[in-house]
Amino acid sequence: MRIYPIRTERLVLRYPEMRDAPVLVKLLGDPSVSRNIPRINYPYRRADALKWLRRVRKPRFNASFGRGYDFMIEVDGEVVGCCHLSWNLKERRAFFGYWVGRPYRGQGIATEAALGLVDFAFGKLGAERVWAMAFADNLASRRVLAKAGLKEEVLMRRNAFFRGQWRDDVGLGVLRSEWAQRLARSRRRQ
Ligand SMILES: CC(C)(COP(=O)(O)OP(=O)(O)OC[C@H]1O[C@@H](n2cnc3c(N)ncnc32)[C@H](O)[C@@H]1OP(=O)(O)O)[C@@H](O)C(=O)NCCC(=O)NCCS
């Protein structure tokens, strides 16, 4: 199955290249991303970018999440953020996440990337369930996930201890049947 690139109306979700290090350092120089995604260091240095790029450019497998794929989000050839998709073939379950650089926010980019990943997971991979997680206080991300059709399923109180602070997590998901209904509704509208 070919994964890269995934295209949506405005976006290209493409394979990360080593030459993406400078744009990662620039966009992740804003602490708002690492505040909401614990595995991203702050301050974020060139060495962090190179290490991440080397890791995600190799095939990866995790017993629970399955195969992992990371994407650079491009608009008109410009990198504006990143997103991730994990695919557990045995359980037919996909997980995803994303961030968008501050200068590019508020234009529906995260929502379009999320919808692209959800459509790809159900339409191309044959997922039964697609899910994501956000810190409960990350209202922008919860809104993105709601717009991408995910329902809030669980509130995990004090699920993460991050930079000296307990944070609550929200787990969200969408089922294949719900995605098919959304697709049918949007086809009827066309
Ligand atoms: C969350 C994030 C990806 C959103 O990216 P984006 O491209 O601006 O998202 P979109 O434009 O598609 O949608 C954002 C929605 O959140 C809403 N929103 C933004 N800030 C909000 C806030 N503080 N409270 C409530 N809603 C908010 C916007 O109004 C918009 O909803 P609308 O279309 O109904 O008006 C971006 O802010 C980001 O990268 N944050 C840091 C990293 C992160 O949190 N990643 C997700 C981890 S789970």
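Biologist: Which helix gives the most to the shell around the ligand, and with how many residues?

Modeller: This is a predicted model: local features need pLDDT of at least 70, side-chain atom pairs count only at pLDDT 80 or more, and totals for chains, interfaces and linings use all residues. Residues are numbered from 1 along each chain as its sequence is written. Helix 2 (31–36), strand 6 (93–100), helix 4 and helix 5 (139–147) each supply at least two shell residues; helices (H or I, at least four residues) and strands (E, at least two) are DSSP runs, numbered from the N terminus. The top contributor is helix 5, with five residues.

Biologist: How many residues surround the ligand, and which are the closest?

Modeller: A residue counts as near if its C-beta atom, placed from the backbone, lies within 6 Å of the molecule. On that basis 22 residues surround the ligand, and the closest are Asn36, Arg105, Ala110, Thr111 and Leu139.

Biologist: Is Asn138 buried or partly exposed?

Modeller: Asn138 sits in the loop between strand 7 (129–135) and helix 5. Buried means 20 or more other C-beta atoms within 10 Å of a residue's own, exposed 12 or fewer, and partly exposed in between, with C-beta atoms placed from the backbone. Asn138 has 19 within 10 Å, so Asn138 is partly exposed.
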